[in-house]
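Student: I'd like to learn how to read a model like this one, feature by feature. Could we start with the metal site?

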Amino acid sequence: MRNLTQDNITQAVLARFADTPDARLKEIMTSLVQHLHSFAREVKLTEGEWFRGIEFLTRIGHITDAQRQEFILLSDTLGLSMLTVAMNNDKPAGCTEATVFGPFYVEGAPHFDLGEDVAQGAAGVPCVVRGTVRGRDGEPVPGAELHVWQADAEGKYDVQREGLAAHQARGVLHADSRGAYHFRSILAEAYPIPDDGPVGEMLRATKRHPWRPAHLHFMIRAPGYETLTTHVFRDGDPWLDSDAVFGVRQSLVAAWKKQPEGHYLVEYDFVLNPAKDAP
Ligand code: BEZ
Ligand code: FE
């Protein structure tokens with residue numbers, strides 16, 4: 001164990017994990033070390049570069065708190081979040097596809113009756129959202145719990161605004177006995193992910209833009225079904241083909257139709273996958 005060299009240090013590190021009691025932890029740590037060492041060898045990482053890398057991760061840690069989730073942004077912009085979602089949500093044909101969760105979901109959002117306005121004063125063009133929640137065989141999912149959240153007309157989520165007395169543009173609703181839902185909100189608009197921190201520096205240094213195409217977030221829960229975390233994207237958005245976090249799926253793109261009265265209407269029907277242990 002003395003005089004380790006660049007040729008045998010990887011094996012020495014791996015040997016240190018040999019007694020890890022949890023087999024899955026052992027598998028993950030072993031693979032992580034192998035890939036990290038391969039990465040360093042492949043790019044011939046200098047000490048100065050790794051110091052800058054550690055400094056970058058340190059600043060990500062410092063800026064992260066309950067409101068500002070810079071580690072999630074890093075994972076999202078490296079495509080790691082979407083890769084993990086894709087690998088773990090390979091649903092049968094016909095089921096609504098999943099996409100990234102993002103950093104702006106909040107526990108304890110207000111509950112609304114069907115038809116109510118979840119915007120609660122958030123700036124934006126009024127919009128009606130409606131559709132159904134069904135299972136894979138077409139059966140309605142009565143009472144399905146829909147969590148919805150979105151940015152306002154300026155591209156900000158309520159949690160990004162200081163001093164708001166109550167939540168805006170987010171809420172929890174329950175589908176009716178036929179699995180139908182409808183609520184009022186505001187028109188979804190494209191917005192840049194927060195780029196005033198280390199992740200923004202990384203995007204600028206690599207000539208990447210921070211924009212996400214306009215979307216509504218949904219998380220839908222119902223007994224007997226897999227929880228679905230997804231978005232509905234707005235057709236025609238210029239950023240649909242270059243989402244900063246790689247979350248777009250064509251099946252999730254819907255038309256937001258301007259109504260004669262001036263508000264918009266978007267309709268989207270969700271299809272849930274039965275839970276693996278469902279009867
Ligand atoms: C969002 O859509 O809320 C989001 C997702 C990933 C990173 C930043 C924002
Ligand atoms: Fe979003």
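Predicted model: local features only at pLDDT ≥ 70, side-chain atom pairs only at ≥ 80, totals over all residues.

Student: Which atoms of the protein reach the iron ion (ligand 2)?

Tutor: Look for the OH atoms of Tyr-157 and Tyr-191 and the NE2 atoms of His-215 and His-217. These protein donors lie 1.9 to 2.1 Å from the iron ion (ligand 2).

Student: And what do the angles say about the site of the iron ion (ligand 2)?

Tutor: For geometry, you go through the angles among the donors. Here there are six donor atoms, with angles of 55 to 163°, and the site is irregular.

Student: Are Tyr-157 and His-217 buried or exposed?

Tutor: The cut-off you need is that buried means under 20% relative accessible area. Tyr-157 has 1% relative accessibility, so it counts as buried. His-217 is at 3%, so it counts as buried too.

Student: Let's turn to helix packing. How do I read a pair such as H3 and H6?

Tutor: Take the axis distance and the crossing angle, then list the residues that meet. The axes of helix H3 (residues 47-63) and helix H6 (residues 198-205) come within 9 Å and cross at roughly 135°. That angle is why H3 is described as oblique to H6. From H3, the residues in the contact are Phe-56, Arg-59, Ile-60 and Ile-63; from H6, they are Pro-198, Val-199, Glu-201 and Met-202. Sorted by class, the contact of H3 with H6 has six nonpolar, no polar and two charged residues.

Student: What is the crossing angle for H4 and H6?

Tutor: Roughly 25°, with the axes of H4 and H6 coming within 9 Å. H4 and H6 are therefore roughly parallel to each other. On the H4 side you'll find Glu-70, Leu-73, Leu-74 and Thr-77, which meet Pro-198, Val-199, Gly-200, Met-202 and Leu-203 in H6. The class count for H4 with H6 is six nonpolar, two polar and one charged residues.

Student: That leaves H3 against H4. Which residues meet there?

Tutor: Phe-56, Leu-57, Ile-60, Gly-61 and Ile-63 in H3 meet Glu-70, Phe-71 and Leu-74 in H4. The axes of H3 and H4 come within 8 Å and cross at roughly 130°, so H3 and H4 are oblique to each other.

Student: Now backbone torsions. What should I look for in phi?

Tutor: Most residues other than glycine have a negative phi. Ala-169 has a phi near 55°, and Lys-207 has one near 60°.

Student: Where are Ala-169 and Lys-207, and is each buried or exposed?

Tutor: Ala-169 sits in the loop between S2 and S3; its 3% relative accessibility means it counts as buried. Lys-207 is in the loop between H6 and strand S6 (211-212), and at 79% relative accessibility it counts as exposed.

Student: How do I read sequence separation against distance in space?

Tutor: Compare two pairs. Glu-145 and His-174 are 29 residues apart along the chain, with 4.6 Å between their C-alpha atoms. Ala-66 and Ala-40 are 26 residues apart in sequence, and their C-alpha atoms are 32 Å apart.

Student: What does Glu-145 touch, leaving aside its neighbours within four places in sequence?

Tutor: Its contacts are Val-172, Leu-173, His-174, Met-219, Ile-220 and Arg-221. Glu-145 lies in strand S2 and is buried, with a relative accessible area of 19%.

Student: To finish, how do I read the protein as a whole?

Tutor: Start with the elements: six helices and twelve strands. Next comes burial: 42% of the 279 residues count as buried. Then check contact range: among contacts with a separation of 6 or more, 71% come from residues 24 or more positions apart. Finally, the C-alpha atoms fill a box of roughly 75 × 45 × 35 Å along the principal axes.

Terms used: Residues numbered from 1 in each chain as written. Chains lettered and ligands numbered in written order. Heavy atoms only, no water. Axes fitted to C-alpha atoms, helices over the stretch in contact; angles between N-to-C directions. Helix = DSSP H or I, 4+ residues; strand = E, 2+ residues; numbered from the N terminus. Parallel < 35°, antiparallel > 145°, perpendicular 65-115°, else oblique. Contact = heavy atoms within 4.5 Å. Nonpolar A, V, L, I, M, F, W, Y, C, P; charged D, E, K, R; others polar. Donors = N, O, S within 2.8 Å, 3.2 Å for Na, K, Ca; no water. Tetrahedral: all angles 85-135°; square planar, octahedral: opposite > 155°, others 65-115°. Buried < 20%, exposed > 50% of the residue type's maximum accessible area, 1.4 Å probe, protein only.
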